[in-house]
Amino acid sequence: MNKGKYYITTAIAYTSAKPHVGNTYEIVLADAIARFKRKDGYDVLFQTGTDEHGQKIQEKAQAAGMTPQAYVDEMAAEVRRNWDVLNTSYDQFIRTTDPQHEKQVQKIFKKLYDQGDIYKGSYEGWYCTPCESFYTESQLVDGKCPDCGAEVKKAKEEAYFFRMSKYADRLMQYIEEHPEFIQPESRKNEMVNNFLKPGLQDLCVSRTSFDWGIPVDFDPKHVVYVWLDALTNYITFLGYDVDGSCGEQFQKYWPADVHLIGKDILRFHTIYWPIFLMALGVELPKQVFGHPWLLVGEGKMSKSKGNVIYADDLVHLFGVDAVRYYLLHEMPFANDGTLTYELLIERINSDLANILGNLVNRTVTMVHRYSGGVIGAPTAAEPVDEELRQICLEAPAKARACMDELKVADAMDQVFAIFRRANKYIDETMPWVLGKDESKKERLDTVLYNLLESIRFGAVLLESFLPETAQKIYAQLNTSQTSMESLEQFGALQPGDTVGQAEILFARLDLAKKMEEVNAYNAAKNPAPAKEELPPHEPKAQIVYDDFDKVELTVAKVLHCEPVPKSKKLLRFELDLGYEKRQILSGIAQWYKPEDLIGHNVVIVSNLAPRKMMGLESNGMILSATCGENDVRVMLADQAVPGAHLS
């Protein structure tokens, strides 16, 4: 049964680094939705891929001693490998360095320029390299990027701009008339109140300070800025053509049913993208869903925090479906979710091993033990059977309603409601007691049939979320009745057929032993750097306590840090001592980036006489330790409070 088309996309992964598990949550979420829609009778196109242009990538490639193209080739392959490790069923994996895409982006830029939506000017503002975005002074938060919190730098260059304000009222009206366009609701309010109502500024859509991008063909010293390049992938790879000769895929699948993106890039997808489409005369996507973040413990994953977890490592340690289950089930609809190894182990034990795995294993085992592996006919029904049957028959519609709202975790709860009720049914009917009484054989056959059929219902609905597990359950049931249509009645399993062999789907994990394995694996993957031999120690002359008492050691919080112009060694710190603010210069630029220390507490010599360095005054000294000939570590005191004195 064909219910029509369904086009779902993820944001394309930026090829500056390997995606961590927080990034991969999105592809698993999209995959579950795409699989469910396919199984439910829709003609699905599921597109994902990589965003491969921009200044940050050019800088990363230079640092790695590679050409930008070689660098993105390597990173795109790594992204795709991670998507494949997670068993995702994308139909198209696209790359923005594809010549087909680049040609259409140039044509789109020219069309928008010719019709007056793009004009040439110059830009002076604050630029964030990680976000590839310009900001005005008023948009900064504590002097930093309002989106990612990174340092920004003053930049001025010639650029082309898009007249955003021309379409602002039209977009506002569209959002008001289509309340489902931005989801969840809280995201819509944020976009309207924080960006549209205050008034849209014209958007910079080209750059001249780097050349790793799509050239503006009529002004080749400019390259198309990342968002006009990246966002258009949703139509260019469907065969959209500015000239009007759009391909069959575009005509069939556009508009997209849902753009699935992280909440941090919502502005680009709900303001810039629809305005670009309006200017092109192209229909808007039906919905943009800004999903929450997956946090590690209490914080967002970042390399500087040292808390990055990668999906392929999790799959190696726990298996692909266990990881998929956690990502899909433990992420709230609108709020950030949390991942820790301990929580993952707990969920595997409680849900996958106990509720699901134990149910399937003991049911199939009982069919072998009491019926020689043959499915008996359900001829001796009792009232207790009806509730289990009803839960099974109602589950498909309930799961479908949840999935229509992209409430994937809630849909999975509907599936596990079947498994929970089946476990309770075992306790109520006690088949091990029935098996001891030959006169109860018909009742035993009925109980076991109901259990097998309820497991089949659950497996069919589970397949979109845990595809490998569902296939293993089908094998144990030895059934081909795996379509959504087969769930229209309770009773598709055929009496007289034989079941497969009972196998353990998920083994229970011992927390302590598993954490030992996790820690050993992580240590092997990320070995501590070899300790350098310390240079020979030449002790200084002894001092008495009165000499030491003259030194004031104070805890200070790093408010701001930046390189000192024209100096390769110095960083300039703005510090909060609790009772005053202070500037200190430190020669540690070789070992620390400015963002590495912002927010940390350091120990300083606070009564050191001021001295001038590179024309700037330094009021104190930050304490650090020499750990080798080429290794210096700042002494952190994050457990203390600013202003505390060391003694």
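**Ground rules**

I am working from a predicted model, where local features need pLDDT of at least 70, side-chain atom pairs count only at pLDDT 80 or more, and totals for chains, interfaces and linings use all residues. Residues are numbered from 1 along each chain as its sequence is written, and side-chain values use heavy atoms, with hydrogens and water left out.

**Whole chain**

I looked up the secondary structure and found 21 helices and 26 strands. Both are DSSP runs numbered from the N terminus: helices are H or I with at least four residues, strands are E with at least two. The C-alpha trace spans about 100 × 75 × 40 Å along its principal axes.

I then checked burial: of the 647 residues, 53% count as buried. Buried means under 20% relative accessible area, exposed over 50%, and partly exposed in between, with a 1.4 Å probe and protein chains only. For contacts (heavy atoms within 4.5 Å), I took those with a separation of 6 or more; residues 24 or more positions apart account for 75% of them.

I went to α15, residues 408–429, next. This helix has 22 residues and reaches 32 Å from its first C-alpha to its last, close to the 32 Å expected at 1.5 Å a residue. The expected span is 1.5 Å times one less than the number of residues. Just after α15, I noted that M430 takes a positive phi of about 45°.

How do the axes of α15 and α17 cross? They come within 9 Å and cross at roughly 165°, with α17 covering residues 441–462. That makes α15 roughly antiparallel to α17. My cut-offs: angles under 35 degrees count as roughly parallel, over 145 as roughly antiparallel, 65 to 115 as roughly perpendicular and the rest as oblique. Axes here are lines fitted to C-alpha atoms, for helices over the stretch in contact, and angles run from 0 to 180 degrees between N-to-C directions.

The crossing of α15 and α17 is left-handed, a term for the near helix being turned anticlockwise from the far one by less than a right angle (right-handed if clockwise). I listed the contact residues: on the α15 side they include F416, F419 and Y425, and on the α17 side they include L451, I455 and L462. By class, this contact has 14 nonpolar, five polar and one charged residues. For the classes, Ala, Val, Leu, Ile, Met, Phe, Trp, Tyr, Cys and Pro count as nonpolar, Asp, Glu, Lys and Arg as charged, and the others, Gly among them, as polar.

**Helices α3 and α11**

I looked at a second pair, α3 (residues 68–85) and α11 (residues 311–318), which pack at about 30° with axes 9 Å apart. That makes α3 roughly parallel to α11. Their crossing is left-handed. From α3, I see E78, R81, N82 and V85 meeting A311, D312 and V315 of α11. The residues of this contact divide into three nonpolar, one polar and three charged.

**Buried residues**

I checked A30, in helix α1 (residues 21–39). A30 is buried at a relative accessible area of 0%. Leaving out residues up to four places away in sequence, A30 touches I8, T10, F46 and L260.

H101 sits in helix α4, residues 99–114. Is H101 buried or exposed? H101 is buried, at 0% relative accessible area. Neighbours within four places aside, H101 contacts T96, I214, D229, T232, N233, T236 and F237.

I235 is in helix α8, residues 233–236, and is buried at 0% too. Beyond four places in sequence, I235 contacts Y240, F250, W254, W273, L277 and L280.

P255 is in the loop between α9 (248–253) and β12 (258–262). A cis peptide bond also joins Q183 and P184, with omega about -5°; P184 lies in the loop between β8 (182–183) and α6 (185–196).

Last, I noted D142, which has a positive phi of about 55° although it is not a glycine. D142 lies in the loop between β6 (133–135) and β7 (153–162) and is exposed, at 72% relative accessible area.
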